[in-house]
Amino acid sequence: MTTKLMGQKVQRVEDQRFLRGHGRYVDDVAVDPGQHTVLHAAVLRSPHAHARILDIDVSDVLDVEGVHAVYTYDDLASCSPQMAEPLPLLIPHPALTHGRTQYALAKDEVNYVGEAIAFVVADDRYLAEDAVSRIRVDYEFLTPVVGIDAARAATSLVHEDVPGNVGARMEQNVGDAPAAIAKAPHRLELDLTVERSACMPMEGRGTVARWDADINRLQLWTSTQSSTGVRAAVAVKMGLDLGQVDVITPDVGGGFGVKINHPWPEELLVPMAARALGRTVKFTEDRREHFISSAHERGQVQHIEVGFDDDGRLLGLDVEFWHDHGAYTPYGLIVPIITSTQLLGPYKPQNYRVVFESLYTNTVIVTPYRGAGRPQGCYAMERTMDAIAQYLGKDRAEVRAVNFIQPDEFPFDQGMIFQDGRELEYDSGDYPAMLEKIKDLVGWDEFPAFQQEMAEQGRQVGIGLACYVEGTGVGPYEGAHVHIETSGKVKVATGLTTQGQGHATVFAQLVADELGVKFEDVEVVTGDTRRMAYAVGTFASRAAVMSGSAIHLAAKRAKEKVLKIAAEALEADEKDLEIVDGVVSVKGSPGTSIDLGTVSVLSNPLRYAFDEKSKAATQFSIGDPGKPPVAEDDEPGLEGKDFYSPERATFASGMHAVIVETDPDTAEITILKYAVVHDCGHLINPMIVEGQIHGGVAQGIGGALYERMAYDESGQLLNASFMDFLMPYVTEVPDGIDIDHLETPSPLNPLGIKGAGEAGVIPSAAVFAAAIEDAERLSSTGLAITAMPISPSELFTLRQAAVEE
Ligand code: MCN
């Protein structure tokens, strides 16, 4: 008997392969076996943060044995005129008055250390790297602009034609926040900084390209979050039709946002060289290149003014912030727009003004990194809530509760306009219930007694709480193709890619439920444009909502067809049929049945002779020419295809609480307990969602306590290796993260799902700053944490400063 798999903790099918080292990543792709060996590429990257390129001399490289080609900007037009144009600005916005994107290879100037200048293709990577070191470039040095303060001071400009280094200035107003704050009984101001950081997938970027001159077709394997995005960009840039480009994304060892940028320069240069040389070409990013030439995020300076009443109710909130978007803006304003529109979380300030400037700096570009602007916004909002509670001497949870949007107020319009120009409307949620759950889970009400008890032993412990709301499952669309084979097994293709989220498992669960087949009989294919040509990609916690819904709808269509053909074969009424474990039978009469494999055979115009005994297709014939192969009005083949396009984003939410201990002498910070309550609507697979939350929390711990991009004044990244950029090890992440779920279904999609993939990382900076401050309050001085991440040495310095005050 088939039981419903939606909502069950089904083991991940992909893990057997991964755990045994059988994952197949781009670097493992074996192309052209028996033909020429693959050529390898290396990139000359700028050693300077800001300089004019006066001359590039490649004469020492071309005649080196084993070197096949060297490309600089001047060679790009020989591929196609478009190749010599700047890379696409992927998400334009009217407020981005001064958008700039880089060239695949730097044209006249370089704007960050790591920017690609020349591309060398050789027999192996060693030769290619050696050749790179022989290229001579004459630079005229320009003053670099490093960090938000320098960008704002604008004594030097990143781009000569961008005044004040301001790419965009954007303001939104709901009501009149300045006036409401002026009239409010109480007012506070806060200055809060989040430093620039970046995600570190285990697998860096990588691309392999093969040009088949016989059929004028390009095959590209790339480690991306959007195969179709890369395909479109490569086709346009190389002057090809979409139909001439296949992009295949094998296993991806993590993306976290950085692989959503399409195309990276190397994703164009590799196929360009492959076509020109008639050889397969490969580029694999090394770790240092990941640090200095992929993407960063998070860097933001924020000023908040708030007015509130005696209960802590928000009367007006005025937020101004400065976003460091690096040297170019391929992703437009998406990160600061998300901060500004989703900062409000579960609260409803009656008046809200937000204004930001997006600033150019001579540092690596920014693309959305897991959470995408929300961690900064959550940090601003939640620290404001903590400050209000402290000012009024009230419980921090209580102050939050008086400001919550109530369950009967959904759909709730925050009055904010999102990137797409539409109003941002929360679809569902229950924040009061969630607060009660998190308080229970972390032991909020019991904590003061515990804190006192610990203090008596000379130990400093503190507790923090942070809430967030997150728009997930954004459009425009995603599609799915469900095909039932003659063996009865089911193949499902969806165009988005997968980077470790367990899509092969969850999508199989949905198909098994809808079609009534065994879970193990479903195989999921993602990220292959040969199987699904139109798709968007995996980002913004959208796969469950978007592909999940499309798969559900496509499976429904396939099922309709199964029932039609089976009804005809069994001479029964469709309404009387059921499908259990891949067998269609008449309800109450299990002997009258046909299995899905046979139904698939019947749907095929080239009819197989189906051997009942062996259950195998033996021979085939053209069938009865007078009879349609399947039920009237249907296409042949047992399959269903559908696309899903939502009305708007669905809003997931969550609350995190952490208990930390700070060492009074060394300022070491230890996590004693971490608790999460999360609402992503109906859960497809709670175990996978919990895994996503665990991963997010670990990443958030990194962001809150360890990870930052340390640039010096000249724009050199000082910690571009894992020796210096500290990520949390398993020893820094607590063993147990307590998780509880709340399921308020989304009314916007057929399964009531909301996204979950980014949630774990969003409140980290806020919740740790709150807990550490709370612990430090026990020492006589007290201190305010205004910049994240915070390391023990910074905590130590803050303590000293507090003593001196
Ligand atoms: N899920 C579920 N029930 C729900 C919601 C989600 O079972 N109600 C499951 C989904 O089916 C999926 C997983 O949870 O298996 C995450 O779903 P979703 O929220 O739709 O997020 P995506 O699958 O679109 O993944 C993108 C998201 C983002 S934006 C980043 S960044 C991120 C993340 O996922 N990068 C990751 N998680 C990651 N996990 C890994 N291992 N590697 C990355 O690069």
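Modeller: Six strands form an open sheet in the order β7-β15-β14-β13-β8-β31, and the pairing is mixed. Helices (H or I, at least four residues) and strands (E, at least two) are DSSP runs, numbered from the N terminus, and two strands pair if DSSP finds at least two bridges between them. Please keep in mind that this is a predicted model: local features need pLDDT of at least 70, side-chain atom pairs count only at pLDDT 80 or more, and totals for chains, interfaces and linings use all residues. Residues are numbered from 1 along each chain as its sequence is written.

The edge strands are β7 (166-174) and β31, each of which pairs on one side only. Packed on the sheet is helix α10 (residues 334-342), which touches β7, β13, β14 (314-324) and β15 (352-359). Here, contact means that the C-beta atoms of two residues, placed from the backbone, lie within 7 Å. The direction of α10 makes about 165° with that of β15; axes are lines fitted to C-alpha atoms, for helices over the stretch in contact, and angles run from 0 to 180 degrees between N-to-C directions.

Now let us follow β8. Strands of a sheet pair through backbone hydrogen bonds, either parallel or antiparallel. Strand β8 (residues 186-194) joins strand β13 (residues 300-308) in the antiparallel sense, over nine bridges. Within that pairing, E189 has E305 of β13 as its bridge partner, and L190 has I304. With strand β31 (residues 787-788), β8 pairs in the parallel sense over two bridges; there, V194 is bridged to M788 of β31.
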